[in-house]
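Visitor: Could you take me on a close look at the cavities in this structure, and tell me what lines them?

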Amino acid sequence: MATEVDTWSTSKTQADGTFSFDENVSEMNQPYNADDDDLNEAEVNGNWTPQEKALHEARLKAKAKRRVRKNSRNSTSESFSESGDPAGGDPNSPKGKINTSDRKSRTGKGRGLPKKGGAGGKGVWGAAGMVYEDEEPDVRDPNYDESKQGVTVYATVMPEVDEKELEKMVNPIVREYFEHGDTKEVQMLLKELNLGAHKYEFSSLAVSLSLEGKASHRELTSRLLSDLSGKMLSQSEMARAFDKTLKELPDLILDTPEAPQMLGQFIARAIADHILPMSFLDCYKGKVDCEHARVALDRAAVLLTMKRKMVRLDNVWGVGGGLRPVKHLVKEMNLLLKEYLISGDVTEAERCLRDLEVPHFHHELVFEAVVMVLESTGDTASHMMIKLLQSFWKSGLITVDQMNRGFERVYTELPEISLDVPHAHSLLETFVDLCYQESVITKQLRDACPSRGRKRFVSEGDGGVIKT
């Protein structure tokens with residue numbers, strides 16, 4: 001009876017899938033059999049639940065991993081035996097132990113060569129026979145020492161002037177040049193600017209500004225372009241500048257109606273000074289649509305035809321301001337006063353005086369006007385000159401200093417004037433009084449007028465005594 005119970009319990013236990021510890025150990029020691037896996041797989045597919053199936057698959061994977069580890073250990077022991085050491089040696093011996101820190105592949109992959117050809121690893125500076133080149137020191141290197149890098153050269157880098165800022169920077173230079181007329185100073189200022197590709201625009205701006213100014217300004221501009229040519233600007237850059245000015249003529253005539261004629265004179269002067277090539281005008285024949293540009297080119301062609309035998313068109317703008325000889329200025333002022341005495345046009349006389357551009361020489365006009373009054377007959381010249389001087393005084397064309405200086409010159413040279421005009425003293429006193437009444441001169445200047453002492457002798461009966 002007991003035997004039956006034991007048999008039932010054993011079979012039941014096996015049917016339920018419960019195994020003892022001894023049976024599990026014996027099963028683990030048995031070699032792997034593929035038929036058992038197939039059989040177990042059939043049982044799983046046929047009768048087991050999904051949970052049991054997943055558990056069984058996990059057990060199979062664990063068995064496979066154990067087999068891989070066992071095979072790797074066997075291959076390692078075989079390698080030891082091939083090297084001459086016994087495979088079953090003392091496990092406590094260093095040679096019998098497996099080097100677990102070895103980074104070589106245990107799966108048999110690779111060629112067994114050292115990494116990076118022996119050039120890698122901590123404390124290794126490269127493969128044997130490798131030659132290193134000198135490297136530039138890195139500023140970001142913590143050990144970088146600037147004092148050991150040799151002589152440091154500091155240079156000022158000027159950024160290129162923008163096209164929008166070019167006009168703001170060039171206008172003061174050109175206007176200041178109109179005051180001092182020193183071309184070398186302009187060259188020095190331009191060298192400090194990095195004009196870059198906009199260098200040619202300086203000539204265009206200078207010509208445009210001179211068109212709005214006086215004849216002397218245009219003369220100075222022509223001289224400036226002549227001095228800059230070949231040194232800072234080439235013929236092609238000059239031609240490009242004048243081409244731009246020709247295209248801007250429709251806008252320039254709004255402020256300067258005579259801009260086409262003036263630009264034509266600039267072109268003729270530039271060609272004569274060898275600033276522009278002789279073929280400059282030929283490039284525009286039959287290619288100009290702007291009417292104002294055609295007027296400028298025609299003007300230049302006419303001037304070059306008239307002055308073909310001249311090397312330079314020096315007088316195309318006339319001789320301006322203080323550049324004229326003193327004798328020429330005196331002659332111009334005499335002619336101005338004579339024309340005024342004939343026409344009586346104060347406005348025209350004022351315009352002519354302004355065109356001479358010699359405000360520092362206006363005292364000569366005052367001197368010549370007073371001398372003409374002394375040399376004239378009648379009172380007409382006296383009243384007309386007072387009217388002219390009064391107009392110049394009120395408009396500020398002739399300053400106090402120039403007016404006083406002109407009259408003082410007459411006072412100084414009165415003895416010589418009296419040789420030609422015997423009554424010069426009395427005429428001058430009368431004219432000075434009228435000028436003071438019309439507020440042309442000051443009281444101090446009137447009181448400074450010289451007067452001849454009037455000494456009258458009595459009759460002979462008085463014994464030759466001078467009557468006081």
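Guide: Let's start with the word itself: on a 1 Å grid over the protein atoms alone, a cavity is a set of points where a 1.4 Å probe fits but cannot get out, and lining residues have an atom within 4 Å of a point. Points are joined across faces, edges and corners, and a volume is the space filled by probe spheres set on them. This is a predicted model, where local features need pLDDT of at least 70, side-chain atom pairs count only at pLDDT 80 or more, and totals for chains, interfaces and linings use all residues. Residues are numbered from 1 along each chain as its sequence is written, and side-chain values use heavy atoms, leaving out hydrogens and water.

Two cavities of 30 Å³ or more turn up here. The largest has a volume of about 40 Å³, and around it sit L190, L195, K199, F202, L228, M232 and L233. Sorted by class (Ala, Val, Leu, Ile, Met, Phe, Trp, Tyr, Cys and Pro are nonpolar; Asp, Glu, Lys and Arg charged; the others, Gly among them, polar), that lining has six nonpolar, no polar and one charged residues.

The second largest cavity comes to about 30 Å³. Its lining is S222, L225, F242, F266, R269, A270, D273 and I275, which splits into five nonpolar, one polar and two charged residues. Helices are DSSP runs (H or I, at least four residues) numbered from the N terminus. Two of them, α8 (215–228) and α11 (259–272), each supply at least two residues of this second lining, with α11 giving the largest share, three residues.

Methods. 1 Å grid on protein atoms, 1.4 Å probe; cavity = no way out; pocket = protein on both sides within 12 Å on 5 of 7 lines; lining within 4 Å.
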